[in-house]
2 protein chains.
Amino acid sequence: MFRGKDKVADVHVVIVGAGISGLTAAYKLKMKDPTLKIAVLEGKDRVGGRTETVPLVAYTGSDSWDLGGQWVGRCQVHVTKLLKELQLKTYPQYIAGKKLMQLGQGKVHSYTSTIPRLSILELLDLYLFMSKIEYYQKQLLVEDPYSHPKAVQWDAMSAAAFLDRTLYTSAARGTVAAAMRCVLGCELSQVSFLYYLLYIRMAGGITQLIEATENTAQESRICGGAQQIAVRLSQHIGEESVHLGDAAAYIQQENSKFVEVWTKGGMKFCAEYVILATPPKALEHITFNPPLSSEKVDFIKRMPMGSMIKVIVTFEKAFWRASNMSGEVVTDGGISRVHGCARRPLCITYDGTSESGCPALIGFVGGQPAVEWGKKTAKVRQKAILDHFAFFFGEEVYSFLDYVEKDWNTEPYSWGGPVSFVSPGGMQNFCHAIQHPEGRLHFAGTETATAWSGYMSGAVEAGERAALEVIYKLRPKSLNPEEIVLSKSSLHREKKESHEAVKRNMYGRAVNVVGAAVITCGVATVAVYFMNKYTQWNVKLPFLS
Amino acid sequence: MFRGKDKVADVHVVIVGAGISGLTAAYKLKMKDPTLKIAVLEGKDRVGGRTETVPLVAYTGSDSWDLGGQWVGRCQVHVTKLLKELQLKTYPQYIAGKKLMQLGQGKVHSYTSTIPRLSILELLDLYLFMSKIEYYQKQLLVEDPYSHPKAVQWDAMSAAAFLDRTLYTSAARGTVAAAMRCVLGCELSQVSFLYYLLYIRMAGGITQLIEATENTAQESRICGGAQQIAVRLSQHIGEESVHLGDAAAYIQQENSKFVEVWTKGGMKFCAEYVILATPPKALEHITFNPPLSSEKVDFIKRMPMGSMIKVIVTFEKAFWRASNMSGEVVTDGGISRVHGCARRPLCITYDGTSESGCPALIGFVGGQPAVEWGKKTAKVRQKAILDHFAFFFGEEVYSFLDYVEKDWNTEPYSWGGPVSFVSPGGMQNFCHAIQHPEGRLHFAGTETATAWSGYMSGAVEAGERAALEVIYKLRPKSLNPEEIVLSKSSLHREKKESHEAVKRNMYGRAVNVVGAAVITCGVATVAVYFMNKYTQWNVKLPFLS
């Protein structure tokens, strides 16, 4: 595979992966020293990694939509800053009007606030669960989640096992499961409860993670599509440095002075440093000599990629808005009639109207539904997805202009989506394995971030951090004192909660306190009733006349 | 990567993987029709897969030892039958004398029966746990474990979570964890409890799985080493058919008539059928066009390989036998003083004396200890392992003749050992993904077996079954009625418990019944004591005077 006649290029830094993380690292390196020679290697025939923007037939003729990552929020400081630098604008996610919720065999409920339309008992159940999660996640150290006294127990437990023991109503369970199917692309039974908490911690809270209001992860979309970030970054660093369609295959650190990187296509690069800006699983497809540390090898085994199919359907009119619907649906799918598929496909839908006003709906099929529907033919799947959209938004769905779906499971060099997560029992080597440099190899990719890991913002943070680590070794004098601190510590950043997020938390806490009080009063009343019945104590409660 | 000038060969069947499973398939195919043209592709430069036999300095000058799989038992019918056909003999594992056990910071205990030296309470705890496991595992259908009413709950739970809730004494927990570290090469927190039960089910019971007495998995070793199986099989099918050092890289089923297989080295094979006899994870390293089904892709993500380092130390004398020690140790490692390693390395040791009487000790470092010690330099690791052996068997350990260790994590085309296991939440697609043919692709490998999955016997069973599936399509007339039934059903076999195993189970059950009775009596006594103290009932128990 690796022959003597290979073309050889000498560079300062090889970056593996031309997603947002790898290209941000290249951009940061070039910013610090424009004379640095950089080669970015990418297996796909495009830049952008898990962001991909495509043109679709639209109301105005044609417009662009994102098949991959699409949302950013002001709370995501790293990507927000980069968007400004790249002169990319955002527009808010449309959320006005009624939202829909449908769970199990129940009928469709609509609601307008951020509080889903559930019964009082179900809402209390959900809020108590969320407050417990918030209470736990805040106790975790992002730098070392395994140091928590309950870490071993939480890691040995799947998030589903925690749900089973904490939530009492099936509606609350269904809501949480549907949300996480789209956040991580997996079933809750597949993810370590400790990593589940950490993931929420890295997003600054469960509300920021799952909502689409101000200062959340789903606040805005990028004008022109998210792939613009990678395209503009590659223009900044020089497109001749980005080698598409040729993946790194073999990486050798034979002596302590340089690293050799061979590509599948037979290119050979000699570099001083290598930044691996790929999903963790992608490292299994590269042969390392010497091998990666046993901790990294073992950890990668425990961090599979999620399963996700994203669907975009464009229309002439945003007919749902006319019925005062926001386009937002949360559903566990209900029961499917298609053999081999337990649930109907969609988990979450949103209004996907473009910045220029071309109407569209966006749907996510995540976790086990993505696996089951991924096996069906394109025709069967499209029919089921359109039927499911029509179930919520009416027959007008069938007069769509364009329909496109992307099954990220079949995407080469991503092998899944939207993000990698840690399996139960996988967290014991997290701290040493996730982003610890090995010799001249440094590690980026959104999974290695400490804030908004799994999101575009995490990809930017990780790319910048890996670049600083390399610059600290290559050009230490070009760093300012703050950057030196950042470059020295692999896990370096504590998130600052924005003012709004704090306010939101206060509100959430108030709801929780009221909920807890109601439950306590109820339990006390029942207890006192029985006490009075069977003893002569005759206790009186202050809140009962 | 795949050029037009590639060398092309036309064959009936391509088999990917020259381990025991792939070569058994080839052997079976050739037995049915010697005219069949077969090509076996293997990435390693040797046959045998997870069996590898090497010469070591020994008492007599030199002898052979197994770095990989080494044990067989009469209860493993498939490998036993094959060994006879290949005229390979076995000799019993030496188990006479005292066994040792050391847990936590406790001292070393010795015992001679199969019952470890624990306190009555710890033994009761252990036996009740084992009887619960036996009770559960027998309820599982090997063909469809997910059909069990508790399957979803058990799959969402790690085996460690079940342990935590079922075992009360830390000694019992330590014993079970140490045993499974070597059986699956993982921590119990990393394996789905449903798969844990299934794995025991497929071995016919927990006793058969973990003991080294008659009719268990560790009963005998193969004269000349286990790699002999693969060597002799490849001689039978013709060594020219086995292509070493050239892995399959790309498999295309473009039309319905044949499959094209390209190797990394540029060979191209056209075949009517392909048998993939690799660990599930290895399929991720092959590009399939069209892609494998979404269920298979998702399932493979959830079936990582374990972590295992095996150590063989040879001596002039079997000095432990002189002190009436069997060489068998079960330990959770106690506390290590080496930075970065929580426990000392060894989990299980055995007498490894060869058939010709050359003394040796064999040690296993499995699960997290394999990860932590795998990161250390060879020198540091060897010292720690020898120290650990010496801790149990005395200073004579240091006058060894030869020392060899094999870290299976760094083995190419195995990427771990001894076996793949299913992560929590991974079992929902097990039934459809584990061995379901896809077009002209059939699947073998020990992980796909229904009896003794994970063992050499499972590899043989799976290879034979895949061969029958292919022969049924290629040469249906050469099959007898029984074989036709076998070839038609992907999951076909119910294990028959041997007479001995049934007796053993009776014994185990008797112990459990006694244990349960003692506990019930104890609880009843305490309950009645308090009842009599606080009421006027004055109940008398028949077993208390």
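Partly exposed means a relative accessible area between the buried limit, under 20%, and the exposed limit, over 50%. Keep those cut-offs in mind while touring this predicted model.

**Stop 1: the loop between S21 and H14, chain A**

Select Trp415(A). It sits in the loop between S21 and H14 of chain A. Its relative accessible area is 26%, so Trp415(A) is partly exposed. Check the backbone: phi is near 55°, a positive value in a residue other than glycine.

Now select Tyr413(A), in the loop between S21 and H14 of chain A. Phi of Tyr413(A) is also positive, near 65°. At a relative accessible area of 25%, Tyr413(A) is partly exposed. For background, most residues other than glycine have a negative phi, and most peptide bonds are trans.

Move along to Pro418(A), in the loop between strand S21 (402-407) and helix H14 (430-433) of chain A. The peptide bond that joins Gly417(A) to Pro418(A) is cis, with omega about -5°.

**Stop 2: a salt bridge from that loop**

Select Glu411(A) and Lys44(A). Their side chains form a salt bridge, 3.0 Å from N to O. Glu411(A) is in the loop between S21 and H14 of chain A, while Lys44(A) is in the loop between strand S3 (38-41) and strand S4 (53-58), so the pair ties together parts 367 residues apart in sequence. Both Glu411(A) and Lys44(A) are buried.

With Lys44(A) and Glu411(A), they are linked in a network of salt bridges. Over all chains, a search of the whole structure finds 42 salt bridges.

**Stop 3**

Go to Pro290(A). It lies in the loop between strand S16 (287-289) and helix H10 (294-301) of chain A. The peptide bond from Asn289(A) to Pro290(A) is cis, with omega near -5°.

**Stop 4: the interface**

Show both chains. Here 37 residues of chain B are in contact with 38 residues of chain A. About 3200 Å² is buried between the two chains, and carbon and sulfur atoms give 46% of that area. Which residues of chain B lose the most area to chain A? Select Ser294(B), Lys301(B) and Lys375(B); together they account for 17% of what that side buries.

The rule finds two salt bridges across this interface. Glu295(B) forms a salt bridge with Lys375(A), with the closest N and O atoms 2.7 Å apart. Polar contacts across the interface come to 22 residue pairs.

Colour three helices of chain B: H5 (159-166), H10 (294-301) and H12 (368-374). Each supplies at least two residues of the side that touches chain A. H10(B) gives the largest share, four residues. By type, the residues on that side of chain B divide into eleven nonpolar, 17 polar and nine charged.

**Stop 5: Gln253(B)**

Select Gln253(B), in the loop between strand S12 (248-252) and strand S13 (259-263) of chain B. Is Gln253(B) buried or exposed? At 18% relative accessibility, Gln253(B) counts as buried.

Follow the side chain of Gln253(B). It reaches the backbone oxygen of Glu438(B) at 3.3 Å. A polar atom of that side chain lies 2.8 Å from the backbone nitrogen of Arg440(B). Beyond its neighbours within four places in sequence, Gln253(B) is in contact with several residues, among them Asn289(B), Pro290(B), Gly439(B) and Leu441(B).

**Stop 6: helix H13, chain B**

Select residues 378-393 of chain B. This is helix H13, with 16 residues and a reach of 22 Å from its first C-alpha to its last, close to the 22 Å expected. Its buried residues include Arg381(B), His388(B), Phe389(B), Phe392(B) and Phe393(B).

Show Lys383(B) and Asp387(B). They form a salt bridge, with the closest N and O atoms 2.8 Å apart. Being four residues apart in helix H13, Lys383(B) and Asp387(B) are separated by about one helical turn. At 54% relative accessibility, Lys383(B) counts as exposed. Step just past the helix: Gly394(B) takes a positive phi of about 95°.

**Last stop: Lys32(B) and Glu483(B)**

Select Lys32(B) and Glu483(B). They form a salt bridge, the closest N and O atoms being 2.7 Å apart. The pair links distant parts of the chain, 451 residues apart: Lys32(B) is in helix H1 (residues 20-32) and Glu483(B) in helix H16 (residues 481-488) of chain B. Lys32(B) is partly exposed, at a relative accessible area of 25%, whereas Glu483(B), at 10%, counts as buried.

Terms used: Residues numbered from 1 in each chain as written. Chains lettered and ligands numbered in written order. Predicted model: local features only at pLDDT ≥ 70, side-chain atom pairs only at ≥ 80, totals over all residues. Heavy atoms only, no water. Expected span 1.5 Å × (residues − 1). Buried < 20%, exposed > 50% of the residue type's maximum accessible area, 1.4 Å probe, protein only. Contact = heavy atoms within 4.5 Å. Buried area = accessible area lost by both parts, 1.4 Å probe. Salt bridge = Lys/Arg side-chain N within 4 Å of Asp/Glu carboxyl O. Polar contact = N/O pair within 3.5 Å; in protein donor to acceptor, adjacent residues only side chain to side chain. Nonpolar A, V, L, I, M, F, W, Y, C, P; charged D, E, K, R; others polar.
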